[in-house]
Amino acid sequence: MMFISVVMAVYNGEKYIEEAIQSILNQTYPQFELIIINDGSMDRTREILDAIPDNRVKIVHAETNQGAAASLNLGIAHASGDWIAIHDADDISEPTRLEEQASYLLSHPESIGVGSLISGRIGNEVVINNSEVEYYNQMLEKEQIYKNRLFMCYLCHGSVMFSKKAFYDAGRYNPKYKISYDYDLWLRMFEISPIEKIPKVLYHYRLREDSLGKQNTDGTISELMTISSIHIYNKLIRKKRKQPALTVVGSKKGCLFFKKHVGKKFKKLNYVYVRTRKDYRKIRSLNKRGRIQAAVVLNNRVSNAVYHRLIRKGVYWKRKLFKIWNYKY
């Protein structure tokens, strides 16, 4: 029987933290610990945590707020288990979550992790027909996961259990990302092996309009763009002898958004504005002149058509063009 370390980071979580903790303490699986990092909370969170009498719970209080990624790294550093189950401080796990995920991993020894389907929660109401819930409940085969990894994050972060070894092999959470740190980690872990899901709701995800991601849409999308683009650059073109250039393909507004929010992360960028489907010729022309080593295509109707027209021409273009998420342009 595997030993599981459940890791939870919390900042000002007094409203839901007790319910979240109780959902772990009520697990049917016996071999676990719960590590909670109090990330400099200024409400009653510290008082609530210090009152927990269960010896399965380990509390670490940080005096200043470091962010979720740094807190999760700290929690995993304290973990005794070889398997890490993430749990957000305002969500709820089904009582059989750990048991069913452990069973899956024991029966799939090649796997480095597993998630689950989720339901949404608004207050005490369970929500199923919600676009965010439906997005996280997509079921993909391993090949699809890897193929679409640069375009979508199909895992609900708190629903995932993963190998501690794979986590460290992938390089841990990157604290410079404040919103999409989970997506950045998944991209690096997917290079080891894609993470699949148990086709059952084992996790209840809090739908909150005051979440950091929803309050800062520009920040969320620019982080996603940055993460995808850096991954492409690092894994696919960095090893070339000359300083490689990344080409950005999209509408003028989309490219300007990318330039403003992401462009400073790269030493050399080329931009190609596409207005009609025929603009695929611009990309072919630049490629013939040796100007395109790899290109990110900002998802919208026109750039998608350009992307698919070139991709249909064979493997050569599949190695050069990578569609990533766009904001609204």
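In strand E11, tyrosine 273 is the bridge partner of glycine 250. Strands E10 and E11 run parallel and are joined by 5 bridges; two strands are said to pair if DSSP finds at least two bridges between them. Helices (H or I, at least four residues) and strands (E, at least two) are DSSP runs, numbered from the N terminus. The structure is a predicted model, in which local features need pLDDT of at least 70 and side-chain atom pairs count only at pLDDT 80 or more, while totals for chains, interfaces and linings use all residues. Residues are numbered from 1 along each chain as its sequence is written, and side-chain values use heavy atoms, with hydrogens and water left out.

From E10, the pairing continues to strand E12. Strand E10 (residues 246-250) pairs with E12 in the parallel sense over 4 bridges. Threonine 247 has alanine 295 in E12 as its bridge partner, and valine 249 has valine 297. Strand E12 is in turn joined by 4 bridges to strand E13 (residues 321-324), again running parallel; here valine 296 stands opposite phenylalanine 322. Together, 4 strands form an open sheet with parallel pairing, in the order E11-E10-E12-E13. Strands E11 (269-273) and E13 are the edge strands, each pairing on one side only. On average, neighbouring strands of this sheet are turned by 25° against each other, direction ignored; axes are lines fitted to C-alpha atoms, for helices over the stretch in contact, and angles run from 0 to 180 degrees between N-to-C directions.

Buried means under 20% relative accessible area, exposed over 50%, and partly exposed in between (1.4 Å probe, protein chains only). On one side of E12 lie the buried residues Ala294, Val296 and Leu298, and on the other Ala295 and Val297, also buried. Strand E10 is mostly covered too, with 5 of its 5 residues buried: Leu246, Val248 and Gly250 are on one side, and Thr247 and Val249 on the other.

Helix H13 (residues 301-311) lies across E10, E12 and E13, running at about 150° to E13. Tryptophan 317 lies in helix H14 and counts as buried because its relative accessibility is 7%. Leaving aside neighbours within four places in sequence, tryptophan 317 is in contact (heavy atoms within 4.5 Å) with Ile283, Arg284, Asn287, Leu310 and Ile311. Tryptophan 317 and alanine 295 are 22 residues apart in sequence, and their C-alpha atoms are 9.8 Å apart in space.

Finally, the second largest pocket is lined by 15 residues, of which Lys147, Tyr307, Lys318, Leu321 and Phe322 lie nearest its centre. The elements giving two or more residues to this lining are H13, helix H14 (315-318) and E13. On a 1 Å grid over the protein atoms alone, a pocket is an open set of points where a 1.4 Å probe fits, with protein on both sides within 12 Å along at least five of seven lines; lining residues have an atom within 4 Å of a point.
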